[in-house]
Amino acid sequence: VIKCKAAVAWEAGKPLSIEEVEVAPPKAHEVRIKIVATAVCHTDAYTLSGADPEGCFPVILGHEGAGIVESVGEGVTKVKKGDTVIPLYIPQCGECKFCKNPKTNLCQKIRITQGKGVMPDGTSRFTCKGKQIYHFMGTSTFSEYTVVADISVAKIDAAAPLDKVCLLGCGISTGYGAAVNTAKVEPGSTCAVFGLGGVGLAVIMGCKIAGASRIIGIDINKDKYAKAKEFGATECISPQDSKKPIQEVLVEMTDGGVDYSFECIGNVGVMRAALEACHKGWGISVIVGVAAAGQEISTRPFQLVTGRTWKGTAFGGWKSVDNVPKLVTEYMSKKIKVDEFVTHTLPFDKINEAFELMHSGK
């Protein structure tokens, strides 16, 4: 058993608490990882807020991490002690019908137990003050050591800087893949990206790499425009600058609508606007943002009858074990940006400040 520091969420709506936790050794087909760096994501904040119906407490949150394998359980063959890895919240077992189908990346092998905050055998590897602590998204990267299923880990280039590539565990991969895998953005096309946070910037990057000729960034926070342009946005607009609904503004700006739109916020009203900003006959709108539980989307069926397509994406459609190492290689060879997404680097015990910076749009 390893004793180490972790940021424990004891209950919903309260700040994280830095505690000493015990991390049990990995069982069969499990891997224990020394986490070197972790990022914070709105999904962590969503669960912490108490709005997530799958949220269990007390829990160690975090799902964008990178580290070094400390030890492996029986039967683990893909990684060994000392390997550099990224934990994966969407695993890839290679055996279930989802993994065998090239159309999806949604491996279902450990979905039920992962959603309940436990390892595949139904138990937790974390304890604190004598209490069992739940896992989160199969990763729990807000701990100096964590235990994950062996199908939830990608071995990456040992030379990669972990304080940067941890972002490939969720946000950057999600946005980039939404453009290149889910939408399949074509050269010369026009795109609209709603929400210019980390995921939105990654979508812009993907659209640019795919050869889009016009990329319109949409956000009410104008402080984000300069960064969006650095990533490839050709122009940025705010929905608050016009009396008309944003979809009407975009349809006028683009002679009938955009070829591709992306909702990167998780707001069902914006999802509708993103669809309706698409061009009749061929426009494709991708939902990337995660809306709160129980919310529903709506539009007039005529929008779809007249040739628009509404899609969704999780982790950018990447089959995780196969593709995360390739994304790291693309970063190392400067095909994709990663460093530019990092705004602040904080010591672990300032993790609550990291959430405050995220909530304030900084």
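This is a predicted model: local features need pLDDT of at least 70, side-chain atom pairs count only at pLDDT 80 or more; totals for chains, interfaces and linings use all residues.
User: Where do the centres of the two charge sets lie relative to each other?
Analyst: They lie 3 Å apart.

User: What agrees with calling the chain a compact globule?
Analyst: The radius of gyration. For 362 residues, a compact globule would have a value near 21 Å. The chain has 20 Å, so the value agrees with the rule. Along the principal axes, the C-alpha atoms fill a box of roughly 65 × 40 × 35 Å.

User: What makes a residue buried, and what percentage of the chain is buried?
Analyst: Buried means under 20% relative accessible area. By that cut-off, 53% of the 362 residues are buried.

User: How many helices and strands does the chain have?
Analyst: There are 12 helices and 16 strands.

User: Which domains is the chain divided into?
Analyst: Domain 1 takes 2-169 + 319-352, and domain 2 takes 174-314. Their centres, over C-alpha atoms, are separated by 29 Å. The contact between them takes 14 residues from domain 1 and 14 residues from domain 2.

User: What makes two residues a contact, and what share of contacts joins residues 24 or more positions apart?
Analyst: Heavy atoms within 4.5 Å make a contact. Among contacts with a separation of 6 or more, 71% join residues 24 or more positions apart.

Technical notes. Residues are numbered from 1 along each chain as its sequence is written. Side-chain values use heavy atoms; hydrogens and water are left out. Helices (H or I, at least four residues) and strands (E, at least two) are DSSP runs, numbered from the N terminus. The radius of gyration is taken over C-alpha atoms; the globule rule is 2.2 Å times the number of residues to the power 0.38. Buried means under 20% relative accessible area, exposed over 50%, partly exposed in between (1.4 Å probe, protein chains only). Lys and Arg count as positive and Asp and Glu as negative; His and the chain ends are not counted. The place of a charge is taken as NZ of Lys, CZ of Arg, CG of Asp or CD of Glu. Domain bounds come from an automatic or database domain assignment.
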